Amino acid sequence: MKIIEKIVNKGKDRWKYPTPTIAFLGDSVTQGCFEIYNKNDGNIETVFDKTSAYHKYLNDILTVLFPGSPVNIINAGISGDRAPLGYERLKRDVISHNPDLTVVCYGLNDNSWGLENINLYTEALGKIFTELIEAGSEVIFLTPSMQNTNVSCHLGEENMRHLAELVAVRQNEGVMDAYVEAGREVARKHDVKICDVYAKWKKLEANGVDTTNLLANFINHPTREMNWIFAYSLIETMME
């Protein structure tokens, strides 16, 4: 991808070339959310940790590979976000920064709408890809991680267990699979690169790994360690 060429050129002549910008548009995982807990008012809150988000890990890898090349990182991830909402704020939160590359990751929250509303997801995703390309940004569609497949014994609160039950149904009955494949298809139609992290999670599951235990909240937020998969996979895709 051209983003690597721009990073390399920046390192060769930092005065001549502009600093490359990579933007990330997505939901809670993109923002850097991990464990969840019950607040005193009964609402559920999440633990935010930007230092362990995959955009931070990606920048760490780029620093090792290209130590003389600074890169601007724009994290436009918002907890609870879906593709239609991401499209609404696309110009403000992403395009306004003139990114050289934008990583788009949706599907984790969108799939709760069910198969009957999958068009809301695909239509918004297509609009996001179109506007980013027209704005001159390269685009990568980053598929999300898996959701929980069982109700973990580590979830003690009744509302957490109930939420896990609902999410596990969508994961185990193929709703999440359908949303990810629909997203891949939209990316292919727009000639957008696909970084298929979801396929790697499915491979782990096929080899006997309890992927629910790889989730910080045991529902849908990967652990800090598993965020490295996103980062390494993105580097591979950027270097294709």
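This briefing covers aromatic contacts and a surface patch in one structure. The model is predicted. A search of the whole structure finds six aromatic pairs.

**Tyr54 and Phe230**
- The ring centres of Tyr54 and Phe230 are 4.9 Å apart, and their planes meet at 25 degrees, so the pair is stacked.
- Tyr54 belongs to helix 3 (residues 54-65) and Phe230 to helix 10, so this pair ties together parts 176 residues apart in sequence.
- Tyr54 and Phe230 are both buried.
- Ring pairs also bring in Phe24, which forms a cluster with Tyr54 and Phe230.

**Tyr121 and Tyr179**
- Tyr121 and Tyr179 make a tilted aromatic pair, with 5.3 Å from centre to centre and 45 degrees between the planes.
- Tyr121 sits in helix 6 (residues 118-134) and Tyr179 in helix 8 (residues 175-189), so the pair ties together parts 58 residues apart in sequence.
- Tyr121 has a relative accessibility of 1%, so it counts as buried.
- Tyr179 is buried too, with a relative accessible area of 1%.

**A charge over a ring**
- Arg224 lies over the face of Phe34.
- The distance from Arg224 to the ring centre of Phe34 is 4.3 Å.

**Surface patch**
- Val64, Leu65 and Met239 form a nonpolar patch on the surface.
- Together, Val64, Leu65 and Met239 have about 300 Å² of accessible area.
- Met239 is found in the segment after helix 10 (227-238).
- Met239 has a relative accessible area of 46%, so it is partly exposed.

Note on methods:
Residues numbered from 1 in each chain as written. Predicted model: local features only at pLDDT ≥ 70, side-chain atom pairs only at ≥ 80, totals over all residues. Heavy atoms only, no water. Patch = residues over 30% accessible without salt bridge, like charges linked within 9 Å, V, L, I, M, F, W, Y side chains within 5 Å. Areas by Shrake-Rupley, 256 points an atom, 1.4 Å probe, with all protein chains shown as cover. Salt bridge = Lys/Arg side-chain N within 4 Å of Asp/Glu carboxyl O. Helix = DSSP H or I, 4+ residues; strand = E, 2+ residues; numbered from the N terminus. Buried < 20%, exposed > 50% of the residue type's maximum accessible area, 1.4 Å probe, protein only. Phe/Tyr/Trp six-rings, centres within 6.5 Å; stacked < 30°, edge-to-face > 60°. Lys NZ or Arg CZ within 6 Å of the ring centre and 35° of its normal.
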